[in-house]
Amino acid sequence: MRRITRIATVGIASAALALSATACGGKKSSDASSSPSESGQKSAAIAYDIGGRGDQSFNDAAYAGLKKAETDLKIKGAEAEPTDGEGEADKVQRLTELARKGNNPVIGVGFAYAPAIKKVAPKFPNTTFGIIDDTSVTGENIANLVFNEEQGSYLAGVAAAKASKTGTVGFIGGVEVPLIKKFEAGFAQGVKDTNPNAKVLSAYLTQPPNFDGFAKPDLGKAAAQGQLDAGADVIYAAAGLAGSGAIEAASAKGKWAIGVDSDQYNQAGLAKYKDSILTSVTKDVSDSVFNLIKSVEDGKPTTGEIRYGLDKDGVGLADSNPKYKEMTDVIAAVEKAKADIIAKKITVKTAP
């Protein structure tokens, strides 16, 4: 596996644009336009997770990787958006269409694509399929791009405990699934290891099969307001687009928010609230997408589990906010925790 670099992020013009794109379902698979065989240009494709491009978080990080591939590798990028309330059949159709058009690789952004990739990948043995955040589906032409989210979240917990003045902090998960429980587990452990007397409030926006908790900012905003009213002064939301609502709520109260997946301090759609974004837990989704595309372009497709952790900056904590950089005691505690995790002096839990 190639050594990766820190995450690249992509800005979206405004939160309103992001919301409108999501509300109408955004682009459909047909937006992949002409097939590579028609244009004579190699092409790679990504199929977005719930919330679509414009979430200022997970999907936008994947998009940044695709754009980097377009620029550096001179390939054509294809994108496909989810639709509200879609089922497995819709994902199967989306991936099939992208593969049939000659895109290689075809990458499903999020664990929800696992059943669809399990069905589609065997039908296109010469196409590499990538899936982010899932190891349940495997195959000779499947690459599982996964992250140690709990490690980055542990660092967020350390930062939250050090920055909190009330001793109460909040965690908001979009949907209560094992992946998001990893975020909660690492965060809570980091808080408690730093301040055993601290209180961690936890809330989930929806339960599967309802995945609105990744897509509706109003849900994140309401949950954050409840935690703020209960005394929390730092809120960490792992909720995709819904997390922007939590950031808005924290900003309105003059409290801290911690972003997720992308460096949300630098997201244009969140510029209005950026001063309240203490830091963000980053996942190098961008480079994971780029690296897989490059491996295919190099003629040596990467398959199997490809894990990104703290040891190679696959996950981390952003320091873009100047106010965060001024908190030398917080930074020192975070750096020590990072070193201890890499040295295996600290084992971070993956479940609460």
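Contact here means that heavy atoms lie within 4.5 Å. In this predicted model, that criterion links helix α3 to helix α10: F58, A61, A62, A64, G65, L66, K68, A69, D72 and L73 in α3 meet a set of residues in α10 made up of V285, S286, D287, V289, F290, I293, K294 and E297. Two packed helices are described by the angle between their axes and the distance between the axes. For α3 (residues 58-73) and α10 (residues 285-297), the axes come within 7 Å and cross at roughly 40 degrees, and the crossing is right-handed.

Helix α8, which covers residues 217-229, has 13 residues and reaches 18 Å from its first C-alpha to its last, close to the 18 Å expected at 1.5 Å a residue. Its buried residues include P217, G220, A223, A224, Q227 and L228; seen down the axis of α8, the buried residues fall within an arc of 140 degrees, so they line one face of the helix. On the other side of α8, D218 and D229 are exposed, and just after the helix G231 takes a positive phi of about 105 degrees.

I247 counts as buried because its relative accessibility is 2%, where buried means under 20%. Leaving aside neighbours within four places in sequence, I247 is in contact with A257, Q264, L270, Y273 and I277. The C-alpha atoms of I247 and A237, ten residues apart along the chain, are separated by 8.1 Å.

Notes. Residues numbered from 1 in each chain as written. Predicted model: local features only at pLDDT ≥ 70, side-chain atom pairs only at ≥ 80, totals over all residues. Heavy atoms only, no water. Buried < 20%, exposed > 50% of the residue type's maximum accessible area, 1.4 Å probe, protein only. Helix = DSSP H or I, 4+ residues; strand = E, 2+ residues; numbered from the N terminus. Expected span 1.5 Å × (residues − 1). Arc of directions from axis to C-beta. Axes fitted to C-alpha atoms, helices over the stretch in contact; angles between N-to-C directions. Left-handed = near helix turned anticlockwise from the far one by under 90°.
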